[in-house]
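The entries follow in the order of looking.

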Amino acid sequence: TAGQEIFTECNGFTFLFYHPEQVDAAAHCEMQHNGGSNPLCEQHSHNRFFETYSGTIQVHAVKMQFVQANPSPAVELQEVLPERHNFFLGNIPQKWASNIHPAKVLLYRQLYPGIDMKVYSQENRFKYDLIVAPHANAGRAELEYSGQTDLCVKNGHLYIGTSITEV
């Protein structure tokens with residue numbers, strides 16, 4: 001199965017897909033190059049990427065944008081976790097964030113007039129619900145995807161194709 005990272009933003013999400021085996025191979029090879037061995041990768045015969053690792057990891061990014069949405073909705077964190085994360089983007093301290101508590105649920109308030117979005121994980125799958133208030137225009141909510149190789153609806157579920165996987 002593919003690895004996946006999701007980056008939440010005020011105006012959408014970025015999904016990053018990759019092969020975990022490539023990351024494992026990279027960790028093993030980097031440790032080998034540094035004169036050590038990585039105990040997590042000692043049994044690498046199951047890893048199809050180990051013998052062919054070339055120093056790169058194949059990734060595929062897909063963006064989902066909220067079209068004509070509130071540019072700065074209030075984002076409420078629910079089910080906040082005790083651990084803390086730090087994010088350092090480049091060498092510009094203004095883009096760094098530290099001491100961030102992750103949450104299991106994000107609630108975007110008034111993303112569109114009368115429409116909130118609840119973002120969460122269910123059975124290790126990214127989910128979102130649009131919560132439409134009575135008399136609000138649900139048609140205002142518009143999501144635009146870019147970067148995917150395919151986009152289709154099967155049995156009422158949206159599927160996104162990438163060069164790594166289909167979700």
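I looked up Tyr120 and found that this residue stands opposite Lys127 in strand E9. I took strands as DSSP runs of E with at least two residues, helices as runs of H or I with at least four residues, both numbered from the N terminus. I counted two strands as paired if DSSP finds at least two bridges between them. The model is predicted, so to speak of a local feature I required pLDDT of at least 70, and for side-chain atom pairs 80 or more, while totals for chains, interfaces and linings use all residues. Numbering runs from 1 along each chain as its sequence is written, and side-chain values use heavy atoms, with hydrogens and water left out.

I then listed the bridges around E8. E8 (residues 115-122) and E9 (residues 125-132) run antiparallel, joined by 8 bridges. Their hairpin has 2 residues between the strands, and Glu123 takes a positive phi near 50° there. Tyr108 has Met117 in E8 as its bridge partner.

Next I checked charges over rings (NZ of Lys or CZ of Arg within 6 Å of the ring centre and within 35 degrees of the ring normal). The charged end of Lys118 sits over the ring of Tyr120, 5.3 Å from the centre. Lys154 lies over the face of Tyr159, 5.1 Å from the ring centre.

For aromatic pairs I used rings of Phe, Tyr and Trp (its six-membered ring) with centres within 6.5 Å; planes under 30 degrees apart are stacked, over 60 edge-to-face, and the rest tilted. The count is 9 aromatic pairs. Phe15 and Phe17 are a stacked pair, 6.5 Å centre to centre with 10° between the planes. Phe126 and Tyr128 are a tilted pair at 6.2 Å and 55°. Ring pairs link Phe13, Phe15, Phe17, Phe66, Tyr108, Phe126 and Tyr128 into a cluster.

Are Phe15 and Phe17 buried or exposed? Both are buried, where buried is under 20% relative accessible area, exposed over 50%, and partly exposed in between (1.4 Å probe, protein chains only). Phe126, at 22%, is partly exposed, and Tyr128, at 28%, is partly exposed.

I searched for disulfides (cysteine sulfur atoms within 2.5 Å) and the count was 0. Cys10 is partly exposed at 38%, and Cys152 is partly exposed at 22%.

Last, I looked at the nonpolar core (buried Ala, Val, Leu, Ile, Met, Phe, Trp, Tyr and Cys joined through side-chain atoms within 4.5 Å). The largest one has 17 residues, and Phe13, Phe66, Tyr108 and Met117 have the most contacts inside it. Strands E2 (12-18), E3 (59-66), E7 and E8 each give two or more residues to this core, with the largest share, 4 residues, from E7. Leaving aside neighbours within four places in sequence, Met117 is in contact (heavy atoms within 4.5 Å) with residues including Phe13, Phe66, Tyr108, Tyr128 and Leu143.

Of its 167 residues, 26% count as buried.
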